[in-house]
Amino acid sequence: MKNGLTGSAAWKSLENHFRAVKDISLRTLFSEDPSRAERFRIQDEGIYFDYSKHRITSETMVLLFALARERGLGKRIAAMFSGEKINITENRAVLHTALRAPKGSTVMVDGHNVVPDVHQVLEKMSRFANSIRRGEWKGFTGKPIKNIVNIGIGGSDLGPVMAYEALKFYSHRDLAFRFVSNIDGNDFSEAVQDLSPEETLFIVSSKTFTTLETMTNARTARKWLLDKLADDKAVARHFVAVSTNEKEVAAFGIDTANMFGFWDWVGGRYSLDSAIGLSTMLAIGPDNFYLLLDGFHQMDEHFRSAPFERNIPVIMGLLGVWYIDFFGFSSQAVLPYENYLKRFPAYLQQLTMESNGKQVTLDGDRVDYNTGAIYWGEPGTNGQHSFYQMIHQGTSIIPCDFIGFRTSLNHLALHQDYLIANMIAQGEALAFGKSANEVKNEGVPGSLVPHKVFEGNRPSSVFFMEKLTPGKLGKLVAMYEHAVYTQGVIWGINPFDQMGVELGKVLAMKIIPELLDRDRPLQHDTSTNELINFYRG
């Protein structure tokens, strides 16, 4: 029903509440409530989640939880876990949670328990990973594999490269890993610049085995290999596929025995823990990969069973709704104070923006509210010397997620203390700032006072853990996955399709032959025609 969200009783209550609290400062909220830091904190699943530095009161949260219940969040969570086809635009179940379900679990899709299928693929991946890691798998000339190149795009690249970088500490250092995604030939060229074809294995990740970028890079990789080895039979020893298209995989020259499948109920941006994670398993080993899956599963169970008032992803999602739709804050920074998580913000960009960057509801009605924030970020402390100026003193207010760990994986004296001191200080500075009087009392000349004032009242969360492990990474990823779904339910949109990526791809396929054939007539708008003519030369 059109306007079903903004016309609801819970939404109206939040609108009235917002008018009453929107100008209250965090300084006031903390000074009037000494127990605030304890009340707005959750310690569960090995995560210390502090959300006390948000522009909320206890009533705010009560009203947000009421909105979640009014929107049927509990039933929608159950529907996802049960295999109901909640991706209604594509008539598919959404069961990335089944990818990390323990052996012996039951998850039904169309009357079929998919968990045994998942574990069959995992066991096949484990056997293959062990054969590579032990040097038992030999290339065409009899040399063991030393280099792994993952070819994919979107979720087939962002997940694997993020996980590899995040868990590099646990990786097999005798193997080199590269990731190719961009159709720009420079990406492939640089990835293989110093590699030997005789010692290189390519993982081609494409569900359909027809994705333009992935298959262009795969064909270039095939030529690069055969230019050296000069025998089509070499392809089967140097390529494996993560795909469901057996016919195309075989036509490429890959032995279908080395094809790792997944299912249409696995969306690309939710596929890290499927066979798409093969490169991750090769890097960290099957045992650590299973620990990663267990971390995912533990957060799944938390999301499914914890009451909303103690549910980390639910609270994250609701805070996002509060800022996007009531305050009008359209941006969200994710700031990991852990260098191994340097690709985590990029991974979240796809997860969040491809999921909730929608303008119509499940019923096809145009929304009359905002959906989806712009996600971005960099690891601390690098970001402090880059864009934090805008976060602290800019005209746009940007809620921040700080992610930190008590223990470093590499123990260097004082480094971790300095790192975490900076993370904690940033949240304090954002929340409380520095007033003009405080600046004056420091003896700052009057002309400089306005420049040194920090207004504060800028919200942030802190996610604190003991140390970065495969299990903790799984929990972090699942935490954001479920926060995304929470928001999708509130907004009444489908977080599991991505139709917005299609038009540009369709038009590109029309333009490609026009670039290749300079005599082909053009029938675009004048700007597009001129751009094509400029490229033609």
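Student: What is the relative accessible area of Glu-15, and what class does that give?

Tutor: Glu-15 has a relative accessible area of 27% and is partly exposed. Buried means under 20%, exposed over 50%, and partly exposed in between, with a 1.4 Å probe and protein chains only. This is a predicted model, in which local features need pLDDT of at least 70 and side-chain atom pairs pLDDT 80 or more, while totals for chains, interfaces and linings use all residues. Residues are numbered from 1 along each chain as its sequence is written, and side-chain values use heavy atoms, without hydrogens or water.

Student: Which residue does Glu-15 meet in a salt bridge?

Tutor: A salt bridge is a side-chain nitrogen of Lys or Arg within 4 Å of a carboxyl oxygen of Asp or Glu. The partner of Glu-15 is Lys-12, at 3.9 Å from N to O. Lys-12 is also partly exposed, at 42%. Glu-15 and Lys-12 are three residues apart in helix H1, so about one helical turn separates them. Helices (H or I, at least four residues) and strands (E, at least two) are DSSP runs, numbered from the N terminus.

Student: How many salt bridges does the structure hold?

Tutor: The structure holds 25 salt bridges. One of them joins Asp-110 to Lys-85, with the closest N and O atoms 3.3 Å apart. Asp-110 sits in the loop between strand E3 (108-109) and strand E4 (112-113), and Lys-85 in the loop between helix H5 (73-82) and E3, so this pair ties together parts 25 residues apart in sequence. Asp-110 is exposed at 64%, whereas Lys-85 is partly exposed at 32%.

Student: What is the distance between the closest N and O atoms of Asp-227 and Lys-223?

Tutor: That salt bridge has its closest N and O atoms 3.0 Å apart. Asp-227 and Lys-223 are four residues apart in helix H9, so they too are about one helical turn apart. Asp-227 is exposed at 56%, and Lys-223 is exposed at 53%. Salt bridges can also share partners: Arg-100, Asp-273, Asp-300 and Glu-481 are joined into one network in this way.

Student: What volume does the largest pocket have?

Tutor: Rolling a probe the size of a water molecule over the atoms shows where empty space is left. The volume of the largest pocket is about 1,200 Å³. On a 1 Å grid over the protein atoms alone, a pocket is an open set of points with protein on both sides within 12 Å along at least five of seven lines; a cavity is a set where a 1.4 Å probe fits but cannot get out, and lining residues have an atom within 4 Å of a point. The largest pocket has 41 lining residues, and Ile-153, Thr-211, Gln-498, Val-501 and Lys-505 lie nearest its centre. Helices H7 (155-166), H9 (212-229), H15 (344-356) and H21 (502-516) each supply at least two lining residues. H21 gives the largest share, five residues.

Student: How many cavities of 30 Å³ or more are there?

Tutor: There are three cavities of 30 Å³ or more. The largest cavity holds about 240 Å³ of space, where a volume is the space filled by probe spheres set on grid points joined across faces, edges and corners. Its lining has 23 residues, with Met-316, Gly-320, Gln-332, Tyr-375 and Asp-401 nearest the centre. Helix H14 gives the most to this lining, six residues.
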